[in-house]
Amino acid sequence: MSAWQPRLVALDIDGTLLRWVAGLGMSHEEVTPAVHDAVRRVLDAGAHVVLSSGRAPHNMTEVADMLDLHGHGERLWIVAANGAVVLRYPPAEVVHEVTFDAAPAVAAVLEQHPEALVAVEERGVGYRVSAPFPDGELGGESIVAAVEEMVSEPVSRVIIRDPKATAEDFVKLAASLGLHGTDYVVGWTAWLDLAPVGVSKASGLEHVAQQLGVDRADVLAIGDGRNDIEMLQWAGRGVAMGQAVDEVKEAADDVTVSVDEDGAAVELGRWFPAAGSGGMDA
């Protein structure tokens, strides 16, 4: 029996709270009752819930609404854009942002994948894109623009997507380019996120934890993607979803069941059990 209970729970969204649409790089925009109830128990226990995702801010506030995360006496903290943007909600207010010059890295990637699509967030609207992305992969409105214009000023994050390539192609590409001054993470598909050096979900959560006076040892983090690795390693307890790739599972302290089996709810139930059930049995 363990007395430990998280003071802060950091939750990835796609593939953790929301189930993937089979064969597509997008999620069902629906929270299952089991996950919804588990998150409510975390809040009812007085712990903080922080959504932590590669999504743009406006795509994360919608999930916060689905989870009914408001009404516990304070505005939410949200870590967006893989840690480059931290905001409070509601209303949405960016309180911390890290930007970088993405032009050299984008040029290097496009030299190898000239037909790849490029996207940069257009705050509060959607994205500026070099050409339309596959349906459903980007939230909000897409505004077509020249790549040179999109990266002419510092940005917090750049998405590069090649529907004709694979995730493995992009893993090899990013490693071979050596992208100096830029960090990167490869998604489930041929999807590359470029970010400022040292910025990750972990750095964004560190900022939030400091503001809340919470030690990382008291943080539970749950995620399924390569962009969750730093977060899982940083948290006092990092848990990978059952469908995660091996490198994500290896970075975690434990592995729960898959998103299709409500793995996030199963893990939360260990520390925030429903009335009449067991729990806290580390």
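The model is a predicted one, in which local features need pLDDT of at least 70 and side-chain atom pairs count only at pLDDT 80 or more, while totals for chains, interfaces and linings use all residues. Residues are numbered from 1 along each chain as its sequence is written, and side-chain values use heavy atoms, with hydrogens and water left out.

Trp4 and Trp271 form an edge-to-face pair, with 5.0 Å from centre to centre and 85° between the planes. Because Trp4 lies in the segment before strand 1 (8-11) and Trp271 in helix 9 (residues 263-271), this pair ties together parts that are 267 residues apart in sequence; helices (H or I, at least four residues) and strands (E, at least two) are DSSP runs, numbered from the N terminus. Trp4 is partly exposed, at a relative accessible area of 22%, whereas Trp271 is buried, at 1%, where buried means under 20% relative accessible area, exposed over 50% and partly exposed in between (1.4 Å probe, protein chains only). Phe133 and Trp191 also form an edge-to-face pair, at 6.2 Å centre to centre and with 75° between the planes. This pair links distant parts of the chain, 58 residues apart, with Phe133 in the loop between strand 7 (126-129) and strand 8 (141-144) and Trp191 in strand 11 (residues 191-196). Phe133 is buried, with a relative accessible area of 9%, and Trp191 counts as buried at 12%.

Both Phe133 and Trp191 are among the contacts of Arg161, which, leaving aside neighbours within four places in sequence, also include Pro134, Glu137 and Thr189; contact means heavy atoms within 4.5 Å. Arg161 is placed in strand 9 (residues 158-161) and counts as buried at 7% relative accessibility. The side chains of Arg161 and Glu137 are joined by a polar contact of 2.8 Å, a polar contact being a pair of N or O atoms within 3.5 Å, of which, within protein, one must be able to donate a hydrogen and the other to accept it, and for which residues adjacent in sequence count only if both atoms are side-chain atoms.

Arg157, in the loop between helix 4 (147-150) and strand 9, likewise counts as buried, at 9% relative accessibility. A polar atom of the Arg157 side chain lies 2.3 Å from the backbone oxygen of Gly54, and the side chain of Arg157 makes a polar contact of 2.9 Å with the side chain of Asp193. Not counting residues up to four places away in sequence, Arg157 touches, among others, Phe100, Tyr127 and Trp191.

Helix 9 also meets helix 1 (residues 33-44), and the axes of the two helices come within 8 Å and cross at roughly 30°, with axes taken as lines fitted to C-alpha atoms, for helices over the stretch in contact, and angles running from 0 to 180 degrees between N-to-C directions. Helix 1 is therefore roughly parallel to helix 9, since angles under 35 degrees count as roughly parallel, over 145 as roughly antiparallel, 65 to 115 as roughly perpendicular and the rest as oblique. Residues including Ala34, Ala38 and Val42 in helix 1 meet Ala265, Leu268 and Gly269 in helix 9.

Terms used:
Rings of Phe, Tyr and Trp (its six-membered ring) pair if their centres lie within 6.5 Å; planes under 30 degrees apart count as stacked, over 60 as edge-to-face and the rest as tilted.
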